[in-house]
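Thanks for making the time this morning. I would like to walk through one structure with you, taking helix packing to begin with and then turning to the ligand.

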Amino acid sequence: MTDDPIYVTRPLLPPLAEFIPYLERIWESRWLTNGGQFHVELEARLAAHLGVEHLALFTNGTIALVTALQALGVGGEVITTPYSFVATAHSLIWNNITPVFVDIDPVTCNMDPARIESAITPRTTAILPVHCYGGPCQVAEIREIADAHGLRVIYDAAHAFGVKFEGQSLLSHGDLAVLSFHATKAFHTFEGGAIVCPNSETKKRIDHLKNFGFVDEITVVEVGINGKMNEIQAAMGLLQLEYVDEAIRRRGTIDSIYRDALSGIRGLTMLPIDRKCEPNYSYFPIFVGPDFVESRDRLYERLRRAGIFGRRYFYPLISDMPMYRSLSSASPENLPRAREVANRVLCLPIYPDLTDSDAMRVVRAIRG
Ligand SMILES: *Cc1c(COP(=O)(O)O)cnc(C)c1O
């Protein structure tokens, strides 16, 4: 008998029976998209849940990123991290912006603020950092550099649902912060996303941009895109909100199981615990150093043969992908730490219905 496969994540799915009444209301109203009842309700409930003032829902996180950049009117060059999901840099290219990669802090995996200033040129308009694995960037340092140089800051907060930093929402940092509600994220709407906005004027502008630029039936004020979240997605979000706190608590338990059981293994390290942060435990990366008994890729393959499907988030670096590697900032000498981390990382399975015994199966397989 072989054990069931364990994947890196499984989407949180509330009982189907609880989703049906939402579908019935959608069918009754025949209002399927364009700011229907659930869309309106989810924007309000999510803003309250996350502790932010204003938020605009989107059909996915990537379109939200593209639109956030549009809304701030940034262009030229934008400073970003090579250690992320590829959508971070793609959102720049979709705006005709040149990404300028800077290296990361190898401990947190986030953009190293000390690298930002030397990457600024007269063409630089903004900084696009990522709260990687939901861990807070050095938001104060980044703000200070941005202010000193007149730059905007847009956080790719795709991993940071519900994360608090120094007692307040991490999402309140930056000129804008962008969430993803993709099925693999801690909170999801099948596909979805949102932009956290600092004020109602910005939200209004973004609401126009996500709906072709329409302000009313006959007035189009911008070259907007279609980024609207539909009612089925919004209904999923509303139902999911009732389960997400419990799901995050359960993720936290699995995080502790891994931390205890994997500490002290020669050559394996984990992310440090940030006491100023209330995390969402979306990811559990381990870093396989040269002192470990085998290479990261051997461990990855061996786990797969045992039915444990970890993922190498984030490998390869975005800067090594064919459409980015000819940029001067993509050169290996510029990004030694990001490369080293990308070569060492392996994200372990973590999701709310992973059992304690499955987590221990992962640990035993790693110990070999
Ligand atoms: C998931 C993710 C995105 C893209 O979000 P989608 O909703 O899948 O379009 C962007 N950036 C990061 C860092 C992500 O992990």
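**Helix packing and ligand surroundings**

Please bear in mind that what you see is a predicted model. Let me begin with helix 7, residues 231-262, and helix 10, residues 356-367, which pack with their axes 10 Å apart and at an angle of about 30°. Because angles under 35 degrees count as roughly parallel, helix 7 is described as roughly parallel to helix 10, and the crossing between helix 7 and helix 10 is right-handed. On the helix 7 side the contact involves Arg250, Ile254, Ile257, Tyr258, Ala261 and Leu262, and these meet Asp356, Ala359, Met360, Val362, Val363, Ile366 and Arg367 of helix 10. Sorted by class, that contact of helix 7 with helix 10 comprises 10 nonpolar and 3 charged residues, with no polar ones.

The next pair is helix 3, residues 61-72, and helix 6, residues 200-209, whose axes are 10 Å apart and whose packing angle is about 125°, which means that helix 3 is oblique to helix 6. Here, Thr67, Gln70 and Ala71 of helix 3 are in contact with Arg205, Ile206 and Leu209 of helix 6, and by class this contact has 3 nonpolar, 2 polar and 1 charged residues. The crossing of helix 3 and helix 6 is right-handed.

Now to the ligand: which residues are the closest to it? Of the 14 residues that surround the ligand, the closest are Thr62, Asp156, His159, Ser180 and Lys185. An N or O atom in the side chain of Thr62 is 2.6 Å from an oxygen atom of the ligand, while for His159 a polar side-chain atom lies 2.7 Å from a ligand oxygen atom, and for Lys185 the corresponding distance is 3.1 Å.

Methods:
Residues are numbered from 1 along each chain as its sequence is written. This is a predicted model: local features need pLDDT of at least 70, side-chain atom pairs count only at pLDDT 80 or more; totals for chains, interfaces and linings use all residues. Side-chain values use heavy atoms; hydrogens and water are left out. Axes are lines fitted to C-alpha atoms, for helices over the stretch in contact, and angles run from 0 to 180 degrees between N-to-C directions. Helices (H or I, at least four residues) and strands (E, at least two) are DSSP runs, numbered from the N terminus. Angles under 35 degrees count as roughly parallel, over 145 as roughly antiparallel, 65 to 115 as roughly perpendicular and the rest as oblique. A crossing is left-handed if the near helix is turned anticlockwise from the far one by less than a right angle, and right-handed if clockwise. Contact means heavy atoms within 4.5 Å. Ala, Val, Leu, Ile, Met, Phe, Trp, Tyr, Cys and Pro count as nonpolar, Asp, Glu, Lys and Arg as charged, and the others, Gly among them, as polar. A residue is near a molecule or strand if one of its heavy atoms lies within 4 Å of it. A polar contact is a pair of N or O atoms within 3.5 Å; within protein, one must be able to donate a hydrogen and the other to accept it, and residues adjacent in sequence count only if both atoms are side-chain atoms.
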